Amino acid sequence: EEQKQFRNIFRQIAGDDMEINAEELRNVLNNVVKKHKDLRSEGFELESCRSMIALMDTDGSGKINFDEFRHLWDKIKSWQKIFKRYDTDHSGTINSYEMRNAVNDAGFRLNNQLYDIITMRYADKNMNIDFDSFICCFVRLDAMFRAFHAFDKDGDGIIKLNVLEWLQLTLYA
Ligand SMILES: O=C(O)[C@@H](S)Cc1ccc(I)cc1
């Protein structure tokens with residue numbers, strides 16, 4: 001039943017082509033964020049939604065289909081719970097220290113340099129990360145780990161890419 005309901009929601013968002021583009025994704029994300037008083041966000045930017053589409057667009061259609069959207073939605077649902085758990089002062093943002101714990105809680109294993117890079121890339125001047133920046137960071141982390149493991153066929157933690165494969169990975173992201 002829930003699956004059917006979700007498919008109806010998807011159909012409303014996606015329209016006739018049954019694929020969700022960046023504008024449609026931005027509309028649905030911003031409509032849901034508005035309902036959550038405990039999620040501070042100036043709203044998802046179109047560019048962030050283009051990025052999330054690229055990162056989740058496994059069939060290379062330039063948009064996301066029902067399965068790709070469902071995966072993205074399930075991830076956002078679980079990550080928003082983590083965001084709320086670590087937003088201990090209920091400011092609607094999380095600081096760089098709380099972000100470390102949130103990243104760990106989501107199962108990503110990084111090093112200190114990468115935590116600093118995340119803060120530099122996603123935090124505001126007060127070192128706080130708002131909800132849309134948080135989600136964009138996690139979508140990118142998740143997609144980049146998945147891409148690496150897809151290339152790491154023998155699981156030895158080393159991948160070999162030529163420059164065009166590297167550009168395919170880093171440009172459409
Ligand atoms: O669907 C909801 O409103 C809750 S349960 C999860 C959620 C929260 C924020 C976003 I953006 C997307 C989904």
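Reply: The count comes to 12 aromatic pairs, where rings of Phe, Tyr and Trp (its six-membered ring) pair if their centres lie within 6.5 Å; planes under 30 degrees apart count as stacked, over 60 as edge-to-face and the rest as tilted. One of them is F83 with F131: the ring centres are 5.3 Å apart and the planes stand at 80°, so this pair is edge-to-face. It links distant parts of the chain, since F83 belongs to helix 4 (residues 66–86) and F131 to helix 7 (residues 131–151), 48 residues apart. Helices (H or I, at least four residues) and strands (E, at least two) are DSSP runs, numbered from the N terminus. Both F83 and F131 are buried; buried means under 20% relative accessible area, exposed over 50%, and partly exposed in between (1.4 Å probe, protein chains only). Ring pairs also join F44, W79, F83, F108, F131, F134, F138 and F145 into a cluster.

The model is predicted: local features need pLDDT of at least 70, side-chain atom pairs count only at pLDDT 80 or more, and totals for chains, interfaces and linings use all residues. Residues are numbered from 1 along each chain as its sequence is written, and side-chain values use heavy atoms, with hydrogens and water left out.

Two rings carry a charge over the face (NZ of Lys or CZ of Arg within 6 Å of the ring centre and within 35 degrees of the ring normal). R7 lies over F66, at 4.1 Å from the ring centre, and the charged end of R121 sits over Y122, 4.6 Å from its centre.

A salt bridge is a side-chain nitrogen of Lys or Arg within 4 Å of a carboxyl oxygen of Asp or Glu, and the structure holds 8. The side chains of D105 and R85 meet at 2.2 Å, N to O. D105 is partly exposed at 33% relative accessible area, and R85 is partly exposed at 49%.

R146 is partly exposed, with a relative accessible area of 33%, whereas D142 counts as buried at 11%. Salt bridges with shared partners join K75, D142 and R146 into one network.
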